[in-house]
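Let's take a friendly walk through a protein fold together.

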Amino acid sequence: MEQINKQPTKITSSKMPREKERQYVAFLLYCETNSISRLIQTWQGILRGVVGDVSGIFKDKLGNLPSERTLERWSSQYRWVERADLKLTEDVEVLKKKTSQ
């Protein structure tokens, strides 16, 4: 039986190998919400169309809300906490470069 590496060795803030678009968009939403529970609340708001102008864009990419257990599995499998920290660091560096020009 083929063994799937559930912990990619190199983290990146962009889409990870074997990560589906829906999982990646969920990760980006996680970066904005900073927790699974807030991610779920925001996702529910997106599905209801109460989150604002971006609701339609996210709604099409996210689809129906998976279970909390599935989100936790995605978070672990694709290392959302570490990647969110990396993304924040990258975003801060971009801002520093823009303000120093």
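This is a predicted model: local features need pLDDT of at least 70, side-chain atom pairs count only at pLDDT 80 or more; totals for chains, interfaces and linings use all residues.

The protein chain contains five helices and zero strands, so following the sequence you read the pattern α-α-α-α-α. Of its 101 residues, 32% are buried. The accessible surface of the chain is about 7,100 Å², and carbon and sulfur atoms account for 51% of that area. Now think about how the chain folds back on itself: among contacts with a separation of 6 or more, 61% join residues 24 or more positions apart.

What sits in the largest nonpolar core? This core has 19 residues, and those with the most contacts inside it are Ile36, Leu39, Trp43, Leu62, Leu71 and Trp80. At least two core residues come from each of H1, helix H2 (36–48), helix H4 (68–77) and helix H5 (80–100). H1 gives the largest share, seven residues. There is a general idea to keep in mind here: in soluble globular proteins, nonpolar side chains tend to be buried together.

Next, look at H4. Its buried residues are Thr70, Leu71, Trp74 and Ser75. They lie on the same side of H4, because the arc they cover around the axis is only 140°.

Trp74 counts as buried because its relative accessible area is 6%, under the 20% cut-off. Leaving out residues up to four places away in sequence, Trp74 touches Arg22, Gln23, Ala26, Trp43, Pro66, Arg79 and Trp80. Trp74 and Phe27 are 47 residues apart in sequence, yet their C-alpha atoms are 8.5 Å apart in space.

Gln23 is on that list of partners, and its place is in helix H1 (residues 21–33). Why does Gln23 count as buried? The reason is its relative accessibility of 8%, which is under 20%. Apart from neighbours within four places in sequence, Gln23 is in contact with Arg18, Trp74, Tyr78 and Trp80.

Two packed helices are described by the angle between their axes and the distance between the axes. Here the axes of H1 and H5 come within 10 Å and cross at roughly 65°, and the crossing is right-handed. On the H1 side the contact is made by Gln23, Tyr24, Ala26, Phe27, Leu28, Tyr30 and Cys31, and on the H5 side by Trp80, Val81, Arg83, Ala84 and Lys87. Beyond residues up to four places away, Trp80 also touches Ile36, Leu39 and Leu71, among others.

Finally, visit two loops. Most residues other than glycine have a negative phi, and most peptide bonds are trans. Asn34, in the loop between H1 and H2, has a positive phi of about 70° although it is not a glycine. Arg79 lies in the loop between H4 and H5; it is not a glycine either, and its phi is positive, about 55°. Arg79 counts as buried, because its relative accessibility is 15%.

Terms used: Residues are numbered from 1 along each chain as its sequence is written. Side-chain values use heavy atoms; hydrogens and water are left out. Helices (H or I, at least four residues) and strands (E, at least two) are DSSP runs, numbered from the N terminus. Buried means under 20% relative accessible area, exposed over 50%, partly exposed in between (1.4 Å probe, protein chains only). Contact means heavy atoms within 4.5 Å. A nonpolar core is a set of buried Ala, Val, Leu, Ile, Met, Phe, Trp, Tyr and Cys residues joined through side-chain atoms within 4.5 Å. Accessible areas come from the Shrake-Rupley method with a 1.4 Å probe; for residues, only the protein chains shown count as cover. The arc is that of the directions from the helix axis to the C-beta atoms. Axes are lines fitted to C-alpha atoms, for helices over the stretch in contact, and angles run from 0 to 180 degrees between N-to-C directions. A crossing is left-handed if the near helix is turned anticlockwise from the far one by less than a right angle, and right-handed if clockwise.
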